[in-house]
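These are my notebook entries on one structure. I set down what I looked up, in the order in which I looked.

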Amino acid sequence: MNQTNVIRNGFHSIEQVTDTYLKKGIKESGKTAEISFDEVLRAKQEALDPLKFSKHAVNRLNDRNISLSAEQSRRLADGVSKAGAKGIHESLVLVDSLAFIVNVPNKTVVTAIDQADAGENIFTNIDGAVIV
């Protein structure tokens, strides 16, 4: 980029170009906040990371002949996102007649239960529940 192009685009120095593309935005205080590469990378990874199923959860799904439709999978992932937004770490996510225990920070389904196998309907070691 030569000096003429820099000035023509409204930038008078390389610092102005750098500031424009490396600043996150203006906060209420009027100061700009820098966004780190690590923050951008984590945000992109979180957006792309699908919900994972532990080996135990996969075995439970197979043993109980539970199969999720695309719509149910989307709702389960949406429920995990909602739980994460509320700061829940271990969540019970209810989708139709299915119950899933999910480790929210790792986005990992730990186990799956259908209503017929729920027994006494007691779930322990969770700190929140989401119904989707």
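**Entry 1. Ground rules.** I am working with a predicted model, in which local features need pLDDT of at least 70 and side-chain atom pairs count only at pLDDT 80 or more, while totals for chains, interfaces and linings use all residues. Residues are numbered from 1 along each chain as its sequence is written, and side-chain values use heavy atoms, with hydrogens and water left out.

**Entry 2. Confidence.** I looked up pLDDT, the predictor's confidence in each residue from 0 to 100. The protein chain averages 81, and 70% of the residues score at least 70. Over residues 24-28 the pLDDT is below 50, and this stretch has 8 contacts in the model beyond near neighbours in sequence; a contact means heavy atoms within 4.5 Å. Where pLDDT is low, the predicted coordinates should not be read in detail.

**Entry 3. The whole chain.** I found 5 helices and 7 strands in the protein chain. Helices (H or I, at least four residues) and strands (E, at least two) are DSSP runs, numbered from the N terminus. Along the sequence the pattern is α-α-β-β-α-β-α-α-β-β-β-β. Of the 132 residues, 27% count as buried; buried means under 20% relative accessible area, exposed over 50%, and partly exposed in between, with a 1.4 Å probe and protein chains only. Among contacts between residues at least 6 apart in sequence, 51% join residues at least 24 apart.

**Entry 4. Helix α5.** I noted that α5 has 16 residues and reaches 23 Å from its first C-alpha to its last, close to the 22 Å expected at 1.5 Å a residue. That expected span is 1.5 Å times one less than the number of residues. Which residues of α5 are buried? I listed Q72, R75, L76, G79, V80 and A83. Seen down the axis of α5, these buried residues fall within an arc of 140 degrees, so they line one face of the helix; the arc is that of the directions from the helix axis to the C-beta atoms. They pack against β3 (52-53), β4, β5, β6 and β7 (128-131). The face turned away from the buried side carries the exposed residues A70 and A85. After α5 comes G87, whose phi is positive, near 85 degrees.

**Entry 5. The cores.** A nonpolar core is a set of buried Ala, Val, Leu, Ile, Met, Phe, Trp, Tyr and Cys residues joined through side-chain atoms within 4.5 Å. The largest has 17 residues, of which L76, V80, V93, V95, F100, V102 and V109 touch the most other members. At least two residues of this core come from each of α4 (55-63), α5 (70-85), β4 (90-95), β5 (98-103) and β6 (108-114). Apart from it I found another core, of 5 residues, including L92, A99, I101 and A118. Leaving aside neighbours within four places in sequence, V80 is in contact with L51, V93, V102, V104 and K107.

Entry 6. R75 lies in helix α5 and is buried, with a relative accessible area of 17%. Not counting residues up to four places away in sequence, R75 touches V95, D96 and V132. L98 lies in strand β5 and counts as buried at 8% relative accessibility. With residues up to four places away again set aside, L98 touches I66, L68, Q72, V93, I113 and D114. I also noted that L98 and Q115, 17 residues apart in sequence, are 6.1 Å apart in space, C-alpha to C-alpha.
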